[in-house]
Amino acid sequence: VIGNLFELEKLAVLGHGNGGTVYKVRHKGTSSIYALKVLRFHDHAAAGFRQQAAREAEIVKRVDSPYIIRCHGVFDNGRLTAGDDVITGGSDGSGGGSNLSFVMEYMEEGSLQDLLRARQRLPEKEISGVARRVLRGLRYLHGMKIVHGDIKPSNLLVNGGGEVKIADFGVSHAVECQGGGKGNAWDSSRDTFMGTCAYMSPERFDPERWDGGGGWEFAGDVWSLGVVVLECNLGRFPLIGPGQRPDWATLMCVMCFGERVEMPETASPEFRSFVGRCLEKDWRKRATVDELLDHPFLNSSNGVG
Ligand code: ATP
Ligand code: MG
């Protein structure tokens with residue numbers, strides 16, 4: 001257990017997200033390596049965001065599953081010294097605002113997004129392994145009544161043993177609305193629609209479908225998984241074709257009025273069926289996590305657990 005951010009030494013920047021930066025850090029006492037995510041809140045950010053983030057941080061600490069990134073501590077306006085370098089939110093006047101830091105399990109291979117950048121596509125056998133682990137993680141979260149809400153390639157991390165784990169639930173909700181960062185950007189380096197919303201299910205954009213009873217929030221995670229799985233097979237963001245304008249209007253049209261999404265010609269029948277069950281537009285008809293865990297795509301001698 002890490003008692004103080006002073007115990008951590010910054011080694012490298014692992015990446016930047018919407019509202020924060022992730023560092024590779026070493027615990028001075030034990031030499032253990034961790035990832036430290038620092039979310040920065042501007043002074044003008046609504047106080048509610050910070051509170052929500054702090055509340056969700058409490059949830060993060062309760063989560064204990066091999067399919068979900070472990071969080072070893074959350075620090076409120078903690079200061080992290082690394083040699084001469086001080087990472088701070090600015091209560092010392094270095095920029096204003098405040099911060100919230102998460103000490104997380106370090107994932108050596110980075111995110112599925114990094115993997116796709118390097119390899120473009122994955123074979124079905126590997127995709128099946130990814131899907132199985134994500135579904136087991138979702139079964140755990142949903143069992144705790146937690147909706148992830150932001151399943152996308154950059155939030156699925158890979159460790160040195162090739163195991164995929166889910167990162168960033170809840171926390172991302174808190175930063176999403178700050179309106180900064182690269183949230184809505186088109187990443188031309190990989191021709192991929194990066195926005196958090198690009199992986200969101202159609203019902204999330206339609207207030208009429210927000211009829212009570214819950215359920216649709218959980219179904220949203222399944223949709224997002226379907227988009228991710230298809231992206232792994234196709235090698236690009238699948239909902240917008242190469243010839244289409246990569247903007248919100250196109251995305252909305254595809255989601256609301258489009259026919260079935262394009263499948264790679266080489267995809268197996270099991271893969272097609274799996275993705276079809278995830279990308280069912282009506283969330284009531286969409287597959288549940290339990291149904292997908294029994295799907296032949298995961299259970300046909302494919303992949304490893
Ligand atoms: P968003 O802010 O919407 O979540 P994002 O997922 O790209 O966007 P971050 O969550 O801040 O942004 O993560 C940035 C990058 O840092 C990731 O893409 C990943 O490469 C790296 N990263 C994040 N967490 C870890 C971790 N625990 N271990 C190793 N690398 C990590
Ligand atoms: Mg993330």
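Start with the open sheet: five strands in the order β1-β2-β3-β7-β4, with antiparallel pairing. Keep in mind that this is a predicted model.

Select β1 (8–17) and β4 (71–76). These are the edge strands, and each pairs on one side only. Now look along the sheet. Neighbouring strands are turned by 25° against each other on average, direction ignored. Strands of a sheet pair through backbone hydrogen bonds, either parallel or antiparallel.

Next, select strand β2 (residues 20–27) together with β3. The two pair in the antiparallel sense over seven bridges. Pick out Arg26 and look across: Ile33 in β3 stands opposite.

Stay on strand β3, residues 33–41, and select Lys37, which is found there. The unreviewed UniProt entry places the feature "binding site" at Lys37. Is Lys37 buried or exposed? Lys37 is buried, because 24 other C-beta atoms lie within 10 Å and 20 or more count as buried.

Show the contacts of Lys37. Leaving aside neighbours within four places in sequence, Lys37 is in contact with Gly20, Val22, Ser101, Phe102 and Met104.

Now turn to the largest nonpolar core, which has 71 residues. Select Leu36, Val130, Val134, Val222, Leu225, Val229 and Cys278. Of the core residues, these touch the most other members. Which helix gives the most to this core? Select helix α5, residues 216–234: this helix gives the most, with eleven residues.

Terms used. Residues numbered from 1 in each chain as written. Chains lettered and ligands numbered in written order. Predicted model: local features only at pLDDT ≥ 70, side-chain atom pairs only at ≥ 80, totals over all residues. UniProt positions renumbered as here; feature names shortened; annotations may be inferred. Helix = DSSP H or I, 4+ residues; strand = E, 2+ residues; numbered from the N terminus. Buried ≥ 20, exposed ≤ 12 C-beta atoms within 10 Å, placed from the backbone. Contact = placed C-beta atoms within 7 Å. Core = buried A, V, L, I, M, F, W, Y, C linked by C-beta atoms within 7 Å. Pairing = 2+ DSSP bridges. Axes fitted to C-alpha atoms, helices over the stretch in contact; angles between N-to-C directions.
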